[in-house]
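I opened a new structure today and kept short notes. Here is what I looked up, entry by entry.

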Amino acid sequence: MNNRIKELRARFNLTQLDLAQKVGVRRETIVFLEKGKYNPSLKLAYDISKVFECRIEEVFNFDN
């Protein structure tokens with residue numbers, strides 16, 4: 001699964017740790033998400049999309 005987390009983090013000036021703290025996960029989880037090595041739960045995908053003020057589909061591409 002592809003995602004735009006790294007791009008959106010830069011736009012919102014957030015570090016991996018900042019984002020992790022906002023959504024209640026470890027920084028390593030964000031690292032794995034950005035590398036495409038981890039698929040988020042629906043709740044985590046929702047929480048991340050809310051931080052970036054957009055829809056889940058604008059952050060994650062589930063077509064892959």
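Before looking at how helices pass each other, I wrote down the rule for handedness. A crossing is right-handed if the near helix is turned clockwise from the far one by less than a right angle, and left-handed if anticlockwise. I also noted that the model is predicted.

**Entry 1: the crossing.** I looked up α2 and α4. α2 passes α4 in a right-handed crossing. Their axes come within 9 Å and cross at roughly 120°. Next I asked which residues make the contact. From α2 I listed Leu19, Lys22 and Val23. From α4 I listed Leu44, Asp47, Ile48 and Val51. I then sorted the residues of this contact by kind: 5 are nonpolar, 2 are charged and none is polar.

**Entry 2: the sides of α2.** Helix α2 covers residues 16–23. Which of its residues are buried? I found Gln16, Leu19, Ala20 and Val23. They sit on the same side of α2, because they cover an arc of only 100° around the axis. The buried residues of α2 pack against α1 (5–11), α3 (27–34) and α4 (42–51). Just after α2 comes Gly24, with a positive phi of about 75°.

**Entry 3: the neighbours of α4.** I turned to α4 and its buried residues. They are Leu44, Ala45, Asp47, Ile48, Ser49 and Val51. These buried residues pack against α1, α2, α3, α5 and β2 (60–61). Just after α4, Glu53 takes a positive phi of about 55°.

**Entry 4: aromatic rings.** How many aromatic pairs does the structure hold? I found 1. Phe12 and Phe52 form this pair. Their ring centres are 5.4 Å apart, with 55° between the planes, and the pair is tilted. The pair links distant parts of the chain, 40 residues apart. Phe12 is in the loop between α1 and α2. Phe52 is in the loop between α4 and α5 (56–59).

Is Phe52 buried or exposed? Phe52 counts as buried, because its relative accessibility is 3%. Phe12 has 28% relative accessibility, so Phe12 counts as partly exposed.

Technical notes. Residues numbered from 1 in each chain as written. Predicted model: local features only at pLDDT ≥ 70, side-chain atom pairs only at ≥ 80, totals over all residues. Heavy atoms only, no water. Buried < 20%, exposed > 50% of the residue type's maximum accessible area, 1.4 Å probe, protein only. Helix = DSSP H or I, 4+ residues; strand = E, 2+ residues; numbered from the N terminus. Arc of directions from axis to C-beta. Contact = heavy atoms within 4.5 Å. Axes fitted to C-alpha atoms, helices over the stretch in contact; angles between N-to-C directions. Nonpolar A, V, L, I, M, F, W, Y, C, P; charged D, E, K, R; others polar. Phe/Tyr/Trp six-rings, centres within 6.5 Å; stacked < 30°, edge-to-face > 60°.
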